[in-house]
Amino acid sequence: MTDLMRMRWFSVMGIPGKKKLSCPQQAAARAAVQPEQILLLWLAFFGLLLFATAWLWKLGIWHTLVSADPTFLTVIIVLIFFGSTFWCGFRSVRLAQQRHALSLVVQRLQSQPDTLVAALDSLGVDRRTDWIYAYFRDILSKGPQGWRENGQLTDLLAERAHGPHESAWWVNGIQLKLGLLGKVIGFSILALQIGAMESFDPGQSQLFLKNLTNGLGIALLTTMTGLAANILLGLQLTRLDRVADELVADALSIAESDLGPAFGQAT
């Protein structure tokens, strides 16, 4: 049983006092295990989302949402949510690729550390897509005396891993704001309809109630849709942020502690 499997077993069983892996060992272990986990999680989430979408369609909920909202803010929120969800899937693929690249770097360090520099030089690294390869190649290019001075390179890696998520969080806030905008519009319509009534005729009570429910329907439906979309997209973005944090932390831990053998130095 490997140290990683033993640690997980003792953690699950609650057995104290067992050997713990050091930070570099933990980073190397995470880099070598299940690099595609974030993509599998997103696919599972997207499958549940498709099932819920089909179920709501069968119940006629989508038709009700569209017909009850003449402002079409509900439709706009739903379209933004699905577009953002597809973007999260693309981002999951990108992060899974970088995790896989990190696992390959770890494997080369463990098997043939002296060939890592030549292997990275031969890859033809694209800095826009191959963040991990570019990160380690730039560190190793500093040579045996300067490879530990990687603060700026680590900041650059963190920006590539986290930068696009900031725009996605802004879009997530837009969904909630559109829902609140629909609420304001709905209550404004309600207030205008009430103000336009010069007198109340009991015979027109049905028409009066219908006018009231139109405004309330817009307000409540858009707010509910915006809140639901905000929560569901927030779950995806939170997980993406966590995976990006782990990727940068593991890469930094390996860069600080495990690159010595690539220059013939002891770790």
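This is a predicted model: local features need pLDDT of at least 70, side-chain atom pairs count only at pLDDT 80 or more; totals for chains, interfaces and linings use all residues.

Residues are numbered from 1 along each chain as its sequence is written, and side-chain values use heavy atoms, with hydrogens and water left out.

**The chain**

The chain has 10 helices and 0 strands, where helices (H or I, at least four residues) and strands (E, at least two) are DSSP runs numbered from the N terminus. Of its 267 residues, 39% are buried, a word that stands for under 20% relative accessible area, with exposed meaning over 50% and partly exposed in between, for a 1.4 Å probe and protein chains only. Among contacts (heavy atoms within 4.5 Å) with a separation of 6 or more, 82% join residues 24 or more positions apart.

**The nonpolar core**

A nonpolar core is a set of buried Ala, Val, Leu, Ile, Met, Phe, Trp, Tyr and Cys residues joined through side-chain atoms within 4.5 Å. The largest one holds 42 residues, of which Leu95, Leu102, Ile132, Tyr135, Phe136, Leu157 and Ala251 touch the most other members. Helix 3, helix 4, helix 5, helix 7 (131-140), helix 9 (151-195) and helix 10 each supply at least two residues of this core, and its largest share, 13 residues, comes from helix 5. Leaving aside neighbours within four places in sequence, leucine 157 is in contact with Trp131, Ile132, Tyr135, Val248 and Ala251.

**Aromatic pairs**

Rings of Phe, Tyr and Trp (its six-membered ring) pair if their centres lie within 6.5 Å, and planes under 30 degrees apart count as stacked, over 60 as edge-to-face and the rest as tilted. By this rule there are 4 aromatic pairs, two of which are set out in the table.

| Pair | Centre to centre | Between the planes | Class |
|---|---|---|---|
| Phenylalanine 81 and phenylalanine 82 | 5.5 Å | 75° | edge-to-face |
| Tyrosine 135 and phenylalanine 136 | 5.2 Å | 75° | edge-to-face |

Phenylalanine 81 and phenylalanine 82 are both buried. Tyrosine 135 counts as buried because its relative accessibility is 3%, and phenylalanine 136 is buried with a relative accessible area of 0%. Elsewhere, ring pairs link Trp42, Phe46 and Phe86 into a cluster.

**Pocket and cavity**

On a 1 Å grid over the protein atoms alone, a cavity is a set of points where a 1.4 Å probe fits but cannot get out, and a pocket is an open set with protein on both sides within 12 Å along at least five of seven lines; lining residues have an atom within 4 Å of a point. Grid points are joined across faces, edges and corners, and a volume is the space filled by probe spheres set on the points.

The largest pocket has a volume of about 310 Å³, and of its 15 lining residues Leu56, Trp62, Val78, Ala228 and Leu232 are the closest to its centre. Helix 10 (205-257) is among the helices that supply at least two lining residues, and its 5 residues are the largest share. The lining has 13 nonpolar, 2 polar and no charged residues, with Ala, Val, Leu, Ile, Met, Phe, Trp, Tyr, Cys and Pro counted as nonpolar, Asp, Glu, Lys and Arg as charged, and the others, Gly among them, as polar.

The whole structure has 1 cavity of 30 Å³ or more, and the largest cavity holds about 40 Å³ of space. Its lining includes Tyr135, Asp138, Leu157 and Arg160, and helix 7 and helix 9 are the elements that give two or more residues to it.
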